[in-house]
Amino acid sequence: SGDTFTVPSGATLDVTGATVTGLSAGKVLQVVYASYSTQLSTATSSWLDLGLSAAITPSATDSKIFAHWIISARLDDDCGYYAQLVRDTTAVYTPAFNRDIYANQSGSETQRIDMRHPTFYLDSPSTTSATTYKIQVQTYSTSTVLFQYDEGSGGLTSQLVLWEVGA
C-alpha cells in the first residue's frame, strides 16, 4: 500500500494467484466477438454491408476500441475487394488503396484463391453509449467475389473482435 519497488532488467515478477488493482491505462476492459457465415456473392462498386457487425458499450469516454476483423473470401483471376470499418453510420477506416486484396495469376486456366484477410484499427469513439461496428465491402473490377464461401462443408467464416482498452 504505497510502497514502490523496481524489477531489475531481465528479471520477472511472479504474481500467480495475486489480485492486481489500480491499473487503468492500457487495460483491456471488455471483449466482444461476432462471426458471420452466410455466403455473399457480389460484384459492386458501392459499399455493401458484409453482414458482419458487433455492438460494444464503452465504459468511459476516453476508452479506445481496438477492432480486428478477418474477412473470408474466394477470389477469381483479376479480382479483388477492399473493406471499411463503420462505427454506427460513419466510416472510421477505409484503405487508401482501392485494391486492398487483389488476385492476378498468370496462365490459361482460371485460378481461384480462398483466403482469410485480417485487418486492425484503433478507434476513439468518445462515448459511453452502445456503439455498433460493421464491415462493408466493395469489389474491384467486374468479377464476382464470394464472401464466406461455402462448398457445403462448413465454409469460411468472417469474424470481428472489439476490445475496449482503458485510456
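Contact, in what follows, means heavy atoms within 4.5 Å. Leaving aside neighbours within four places in sequence, serine 72 is in contact with Met115, Arg116, Leu146, Phe147, Gln148, Leu156, Thr157 and Ser158. I will come back to that residue after some background.

This is a predicted model, in which local features need pLDDT of at least 70 and side-chain atom pairs count only at pLDDT 80 or more, while totals for chains, interfaces and linings use all residues. Residues are numbered from 1 along each chain as its sequence is written, and side-chain values use heavy atoms, with hydrogens and water left out.

Confidence, then. The score is pLDDT, the predictor's confidence in each residue, from 0 to 100. Its mean over the protein chain is 83, and 73% of the residues reach 70 or more. Confidence is highest in strand S3, at 97, and lowest in strand S7 (residues 101-103), at a mean of 59.

Now the overall layout. The protein chain has eleven strands and zero helices. Both terms refer to DSSP runs numbered from the N terminus: helices are H or I with at least four residues, strands are E with at least two. Of the 167 residues, 37% count as buried. Buried means under 20% relative accessible area, exposed means over 50%, and partly exposed is in between, with a 1.4 Å probe and protein chains only. The chain exposes about 9,500 Å², and carbon and sulfur atoms supply 47% of that area. Accessible areas come from the Shrake-Rupley method with a 1.4 Å probe; for residues, only the protein chains shown count as cover. Among contacts between residues at least 6 apart in sequence, 83% join residues at least 24 apart.

Next, strand S4, which covers residues 64-76 and holds serine 72. Ten of the 13 residues in S4 are buried. S4 pairs with strand S11 (residues 158-165) in the antiparallel sense over seven bridges. Two strands are said to pair if DSSP finds at least two bridges between them. Within that pairing, lysine 64 stands opposite valine 165 in S11. S4 also pairs with strand S10 (residues 145-147), again antiparallel, over two bridges. Here alanine 73 has phenylalanine 147 of S10 as its bridge partner.

Back to serine 72. Is this residue buried or exposed? Serine 72 counts as buried, because its relative accessible area is 0%. A polar atom of its side chain lies 2.8 Å from the backbone oxygen of threonine 157.

Then the core. A nonpolar core here is a set of buried Ala, Val, Leu, Ile, Met, Phe, Trp, Tyr and Cys residues joined through side-chain atoms within 4.5 Å. The largest one has 26 residues, of which Ile71, Ile135, Phe147 and Leu162 touch the most other members. The elements giving two or more residues to this core are S1, S3 (48-56), S4, strand S5 (79-87), S9, S10 and S11. Which of them gives the largest share? That is S4, with six residues. As for isoleucine 135, its contacts beyond four places in sequence include Leu48, Leu50, Leu52, Trp69, Ile71, Leu85 and Leu160.

Glutamine 136 sits in strand S9 (residues 131-140). It is buried, because its relative accessible area is 13%. Its side chain makes two polar contacts that I want to mention: one of 2.8 Å with the side chain of aspartate 49, and one of 2.6 Å with the side chain of glutamine 84. A polar contact is a pair of N or O atoms within 3.5 Å; within protein, one must be able to donate a hydrogen and the other to accept it, and residues adjacent in sequence count only if both atoms are side-chain atoms.

Two backbone points. Most residues other than glycine have a negative phi, and most peptide bonds are trans. Serine 126 has a positive phi of about 50 degrees, and glutamine 148 has a positive phi near 50 degrees. Serine 126 is in the loop between strand S8 (112-123) and S9, and is exposed at 54% relative accessible area. Glutamine 148 is in the loop between S10 and S11, but is buried, at 0%.

Last, glycine 26, in the segment before strand S1 (28-36). At 52% relative accessibility, glycine 26 counts as exposed. Beyond four places in sequence, glycine 26 is in contact with Val165, Gly166 and Ala167.
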